[in-house]
Amino acid sequence: MSTLARSFSEVTTGIRDRPRSRSHVRRNSSNAGGSEASLWRTHNTFPKAEHNARMRAAEAFEHETKLPGKRNGALGSIGLDVLRCLLRLRGRKDGRLDPTYKWIADKIRKSRSAVVEAVARLKGCGFPDWIGRCVPIEDALPDEQQSEQISNAFILLQPPTVRECVRRMLRKPNEFVPAVAEKLARQKKLDTATVVDVIAEVENPELRAILARVRAFVDSANPPSGHTEAR
């Protein structure tokens, strides 16, 4: 009898009841396809040399934060396994990184709960952050759930001490060095520039023409000799 029973909504509308999604949307989740692509390109795309340096720096961070008599440091062995997995999984060209916790757990052969705790430790130390994401449910009825949660978009950040360690490993100049060099070069260019050079740097053609006319007027009013010609 139960196999033949139908719901009241099915009888009245002719539409079969569909199983509702159990993946409820968590707070602060955003629609997939938003800002994650830009963040992936900015933070998750880097050469293989930096890939290896980041992992070595994380291992050094773990060692430095391990207290005497303790087995693990701030990240823990599972935290290092999770970070190594994320570094290997990231898209080399677009930086895409959105595995599920279960996928990571299966990959490193740990429980899902252990992975969740490890990711929280990593974030607490300034390592990977993430964006909670959701997608609309196609053909959802008005009284049904309209969106469902999908995997997080992971962003590979680094705490300042680890970033500095990676810089030293790769022998990159400190961040302020290029900025200072650029400022000095700009100042030197201004010190040696002529009026013609300054006018030529103006992008707006109308303003450039006005400045050229003003220069011509000033030159005509002040001859090279330094004295105004007698009339």
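Mentor: Let's look at the largest cavity, whose lining has 7 nonpolar, 1 polar and 1 charged residues (Ala, Val, Leu, Ile, Met, Phe, Trp, Tyr, Cys and Pro count as nonpolar, Asp, Glu, Lys and Arg as charged, and the others, Gly among them, as polar). The model is predicted, with local features needing pLDDT of at least 70 and side-chain atom pairs pLDDT 80 or more, while totals for chains, interfaces and linings use all residues. Residues are numbered from 1 along each chain as its sequence is written, and side-chain values use heavy atoms, without hydrogens or water.

The structure holds 1 cavity of 30 Å³ or more (a set of points on a 1 Å grid where a 1.4 Å probe fits but cannot get out). The largest cavity has a volume of about 70 Å³, counted as the space filled by probe spheres set on the points. Its lining (residues with an atom within 4 Å of a point) is R54, L83, L87, F127, P128, L156, L157, Q158 and V162.

Follow R54 and V162 first. Both take part where α3 meets α7: A49, E50, A53, R54, R56, A57 and F61 touch T161, V162, C165, V166, M169 and L170 (heavy atoms within 4.5 Å). By class, this contact has 9 nonpolar, 1 polar and 3 charged residues. Helices α3 (residues 48–64) and α7 (residues 160–170) pack at about 130°, with axes 9 Å apart (lines fitted to C-alpha atoms over the stretch in contact, with angles from 0 to 180 degrees between N-to-C directions). That angle makes α3 oblique to α7 (under 35 degrees is roughly parallel, over 145 roughly antiparallel, 65 to 115 roughly perpendicular, the rest oblique).

R54 also belongs to the contact of α3 with α4, where H51, R54, M55, A58, E59 and E62 meet G76, S77, L80, L83, R84, L87 and R88. Here the classes are 5 nonpolar, 3 polar and 5 charged. The angle is about 170° and the axes are 11 Å apart, so α3 and α4 are roughly antiparallel.

Finally, α4 (residues 76–89) packs on α6 (residues 112–124) at about 85°, axes 9 Å apart, which makes α4 roughly perpendicular to α6. L83 is part of this contact too, together with G76, I78, G79 and V82 of α4 and A114, V115, A118, V119, R121 and L122 of α6.

Conventions:
Helices (H or I, at least four residues) and strands (E, at least two) are DSSP runs, numbered from the N terminus. On a 1 Å grid over the protein atoms alone, a cavity is a set of points where a 1.4 Å probe fits but cannot get out, and a pocket is an open set with protein on both sides within 12 Å along at least five of seven lines; lining residues have an atom within 4 Å of a point.
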